[in-house]
Amino acid sequence: HLRNIYKKLNFTPGKTETIDGFGLNSDGVMPNLFLLLSSQVFENFRDDAEKKLNLQAFVMCFDTGMAPAVGYTITLRESNISDPDILKNWAILVGQAKTGNIDLIAKGTIDGQVRGLLYRPASDDWVADKTGVGPFTSLQLAVKIKAGNILSIMGVPPGSGNRMGIDRDENGILDGNGP
């Protein structure tokens, strides 16, 4: 249970929609470990902030079994494609894909059409979800983004890139070629 505790954190009580977490405790009312450890049941250290912070840090360091880049997403658009920090993060994701820690996909628009892409480390290019479109180099994608297209690039678990990027039902027919 401890290796998945991160899934329960960053919860906002009273908010009906949240993209992060669902709280702790059986009813989900505790948004973080510090508040949970402050409850009456932890009488030995509920008033000791240092102990609670140390225990919180210990619980949060459990390995999830996934590379840190899994789930990391950057959205590239005309307004940020020249930002050095954005380009650095894109390069980090590409590097993680090249080492096999993640598969790398992109979703967004290419030439005004909604597309999915899969990064292929061996050929250092991006294959599209439609026959006859691409493949593209990262530089070619950057040029298309500068022309007004938008792409969200995401690290996904190794082995899931094809399904998540270009063939969601894994039937061998690219998503853009289907009905």
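Trainee: Where is E170 found in this predicted model?

Mentor: E170 is found in the segment after α5 (161-165). Helices (H or I, at least four residues) and strands (E, at least two) are DSSP runs, numbered from the N terminus. The model is predicted, so local features need pLDDT of at least 70 and side-chain atom pairs count only at pLDDT 80 or more, while totals for chains, interfaces and linings use all residues. Residues are numbered from 1 along each chain as its sequence is written, and side-chain values use heavy atoms, with hydrogens and water left out.

Trainee: Why does E170 count as exposed?

Mentor: Exposed means over 50% relative accessible area, buried under 20%, and partly exposed in between (1.4 Å probe, protein chains only). E170 has 53% relative accessibility and therefore counts as exposed. Its phi is also of interest, being near 50°, a positive value in a residue other than glycine.

Trainee: What kind of peptide bond joins G134 and P135?

Mentor: The bond between G134 and P135 is cis, with omega about 0°. P135 lies in the loop between β4 and α4 (138-146).

Trainee: Why is the pair of Y119 and W126 called tilted?

Mentor: Rings of Phe, Tyr and Trp (its six-membered ring) pair if their centres lie within 6.5 Å; planes under 30 degrees apart count as stacked, over 60 as edge-to-face and the rest as tilted. The ring centres of Y119 and W126 are 5.2 Å apart and the planes stand at 55°, so the pair is tilted. The structure holds two aromatic pairs. Y119 and W126 are both buried.

Trainee: How do you know that the length of α3 agrees with its number of residues?

Mentor: The expected span of a helix is 1.5 Å times one less than its number of residues. For the 15 residues of α3 (residues 84-98) this gives 21 Å, and the end C-alpha atoms are 21 Å apart, which agrees. The twelve residues of α2 (residues 49-60) should span 16 Å, and the end C-alpha atoms of α2 are 16 Å apart, again in agreement.

Trainee: How do you know that the buried residues of α3 line one face of the helix?

Mentor: The buried residues of α3 include I86, W90, L93, V94 and A97. Seen down the axis of α3, the buried residues fall within an arc of 100° (taken from the directions from the helix axis to the C-beta atoms), so they line one face. The face turned away from the buried side carries the exposed residues P84 and D85.

Trainee: What makes D83 a cap of α3?

Mentor: A polar contact is a pair of N or O atoms within 3.5 Å; within protein, one must be able to donate a hydrogen and the other to accept it, and residues adjacent in sequence count only if both atoms are side-chain atoms. A side-chain oxygen of D83 lies 2.7 Å from the backbone nitrogen of D85, and D83 caps the N-terminal end of α3. In α2, D48 caps the N-terminal end, with a side-chain oxygen 3.2 Å from the backbone nitrogen of E50.

Trainee: What makes R115 and D129 a salt bridge?

Mentor: A salt bridge is a side-chain nitrogen of Lys or Arg within 4 Å of a carboxyl oxygen of Asp or Glu. The closest N and O atoms of R115 and D129 are 3.2 Å apart, and the two residues form a salt bridge. The pair links distant parts of the chain, R115 in strand β3 and D129 in the loop between β4 and α4, 14 residues apart. Both R115 and D129 are buried.

Trainee: How many salt bridges does the structure hold?

Mentor: The structure holds five. Among them, D125 and R120 meet at 2.8 Å, N to O. D125 is buried at 10% relative accessibility, whereas R120 is partly exposed at 32%. Another joins D175 and R168 at 3.5 Å, N to O; D175 is buried at 14%, while R168 is exposed at 60%.
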